Amino acid sequence: MTDDSFRLEEAEAPTVSCTRCEREWDLDDELDDLGPGSHAIEQFALDHERHTGHYPDDVNPWSVRCRRCPGGEQFLSERPARRWAETHARHTRHAVRIEAPTGAEDVVSGGSDGDRS
Ligand SMILES: [Zn+2]
Ligand SMILES: [Zn+2]
């Protein structure tokens, strides 16, 4: 029942490593403003991807790819991935494929309003 007693003690400084860069980061320093937990890793991973084009180790993004449009997006959790897919599908009526980190796939198709033109 001491819920808040482990807030700081258990929060070890998260470290992120990247075998491609052969580097390892201690996120503790960068975290002060963001708060503990996976959120920082998420931020870091997105940042790392933006700079290097790949994600650090142990980060398995959700990939969202439109079948018609080039490129795609990657997200670190299902909700934004799904939201992107649904928004894109709704606007363009394209079918968008969502790939989970587990390898499972899902397709969001546009035109759910029944227009069959
Ligand atoms: Zn890297
Ligand atoms: Zn598209």
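Predicted model: local features only at pLDDT ≥ 70, side-chain atom pairs only at ≥ 80, totals over all residues.
Let me begin with the layout. The protein has three helices and six strands, and if we follow the chain from the N terminus, these elements come in the order α-β-β-α-β-β-α-β-β. Of the 117 residues in the protein, 16% are buried, and, of the contacts between residues at least 6 apart in sequence, 31% join residues that are at least 24 apart.

Now to the cores. The largest nonpolar core has nine residues, namely Trp62, Val64, Cys66, Ala81, Trp84, Ala85, Val96, Ile98 and Val108, and the elements that contribute two or more residues to this core are β3, at 62-66, α3, at 78-92, and β5, at 96-99. Apart from this core there is another one, made of seven residues, including Ile41, Phe44, Ala45 and Val59. As general background, nonpolar side chains in soluble globular proteins tend to be buried together.

Val64 counts as buried because 23 other C-beta atoms lie within 10 Å, where the cut-off is 20 or more. If we set aside residues up to four places away in sequence, Val64 touches Gly72, Glu73, Phe75, Ala81, Trp84, Ala85, Val96 and Ile98. The C-alpha atoms of Val64 and Arg82 are separated by 8.0 Å, although these residues are 18 apart along the chain.

Finally, Ile98, leaving aside its neighbours within four places in sequence, is in contact with Val64 and also with Arg82, among others.

Definitions and conventions: Residues numbered from 1 in each chain as written. Chains lettered and ligands numbered in written order. Helix = DSSP H or I, 4+ residues; strand = E, 2+ residues; numbered from the N terminus. Buried ≥ 20, exposed ≤ 12 C-beta atoms within 10 Å, placed from the backbone. Contact = placed C-beta atoms within 7 Å. Core = buried A, V, L, I, M, F, W, Y, C linked by C-beta atoms within 7 Å.
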